[in-house]
Amino acid sequence: VEEVLMLPGGGAVVSAGGNELKVWDIVSGGKLLHTLSNHQKTITTMCLDGTGTRLLTGSLDQHVKVYSLESFTVMHGMKYS
């Protein structure tokens, strides 16, 4: 596990390990809700946007992904170098 982030409301957390994000319901004892693998290499960082509605991730694949916390889908992606 590279990083863990509490989501707004305190009922769920997101963990980053390898190229996967996992969303866990911590209120129900740690039930896995979603597994996302949109990066090609290890995710090294993640944070929430200022509104708490989007999750940003950065990876060794040189991409930043922006996810909707409502649907857990990629809204935007960009390559950096």
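Guide: Two residues are in contact when they have heavy atoms within 4.5 Å. Please keep in mind that the model shown here is predicted. As a case, threonine 44, leaving out residues up to four places away in sequence, touches Glu3, Gly58, Ser59 and Leu60.

Visitor: In which element is threonine 44 found, and is threonine 44 buried, partly exposed or exposed?

Guide: Threonine 44 is found in strand E5. The general idea is that a residue counts as buried under 20% relative accessible area and as exposed over 50%, with partly exposed in between. Threonine 44 has a relative accessible area of 39%, so it is partly exposed.

Visitor: What box do the C-alpha atoms fill, and how much of the chain is buried?

Guide: Taken along the principal axes, the box is roughly 40 × 25 × 15 Å. Of the 81 residues, 33% count as buried. The chain exposes about 4700 Å², of which carbon and sulfur atoms supply 53%.

Visitor: How should I read a nonpolar core?

Guide: In soluble globular proteins, nonpolar side chains tend to be buried together. Here the largest nonpolar core has 14 residues, and those with the most contacts inside it are Leu7, Val14, Leu21, Met46, Leu55 and Phe72. Strand E2 (12-17), strand E3 (20-25) and strand E5 (43-48) are the elements that give two or more residues to this core. E2 gives the most, with three residues.

Visitor: Which residues are in contact with leucine 21, leaving aside its neighbours within four places in sequence?

Guide: The partners of leucine 21 are Val14, Ser15, Ala16, His34, Thr35, Leu36, Ile43, Met46, Leu55, Thr57 and Tyr67. Among them, Val14, Met46 and Leu55 are also named with the residues that have the most contacts inside the core.

Visitor: Where is glutamate 20 found, and what does glutamate 20 touch?

Guide: Glutamate 20 is found in strand E3. With residues up to four places away in sequence not counted, glutamate 20 touches Ser15, Thr35, Leu36, Ser37 and Ile43. Its relative accessibility is 28%, so glutamate 20 counts as partly exposed.

Visitor: How should I compare separation along the chain with separation in space?

Guide: One counts residues along the chain, and then takes the distance between C-alpha atoms. Leucine 48 and proline 8 are 40 residues apart along the chain, and their C-alpha atoms are separated by 9.1 Å. Threonine 44 and leucine 7 are 37 residues apart in sequence and 18 Å apart in space, C-alpha to C-alpha. Leucine 48 lies in strand E5. Leaving aside neighbours within four places in sequence, leucine 48 is in contact with Leu5, Met6, Leu7, Pro8, Arg54, Leu55, Leu56 and Leu69.

Visitor: Where is glycine 11 found, and which residues are in contact with glycine 11?

Guide: Glycine 11 is found in the loop between strand E1 (3-6) and E2. Beyond its neighbours within four places in sequence, glycine 11 is in contact with Trp24, Asp25, Ile26 and Val27. The C-alpha atoms of glycine 11 and valine 27 are separated by 5.5 Å, although the two lie 16 residues apart along the chain.

Visitor: Backbone angles are also new to me. What is phi of glutamine 62?

Guide: Phi of glutamine 62 is near 70 degrees, which is a positive value in a residue other than glycine. Glutamine 62 lies in the loop between strand E6 (54-59) and strand E7 (63-68). Phenylalanine 72 is not a glycine either, and has a positive phi of about 55 degrees. Phenylalanine 72 is found in the loop between E7 and strand E8 (74-79).

Visitor: Is each of these two residues buried or partly exposed?

Guide: Glutamine 62 is partly exposed, with a relative accessible area of 34%. Phenylalanine 72 is buried, with a relative accessible area of 14%.

Methods
Residues numbered from 1 in each chain as written. Predicted model: local features only at pLDDT ≥ 70, side-chain atom pairs only at ≥ 80, totals over all residues. Heavy atoms only, no water. Core = buried A, V, L, I, M, F, W, Y, C linked by side-chain atoms within 4.5 Å. Buried < 20%, exposed > 50% of the residue type's maximum accessible area, 1.4 Å probe, protein only. Helix = DSSP H or I, 4+ residues; strand = E, 2+ residues; numbered from the N terminus. Areas by Shrake-Rupley, 256 points an atom, 1.4 Å probe, with all protein chains shown as cover.
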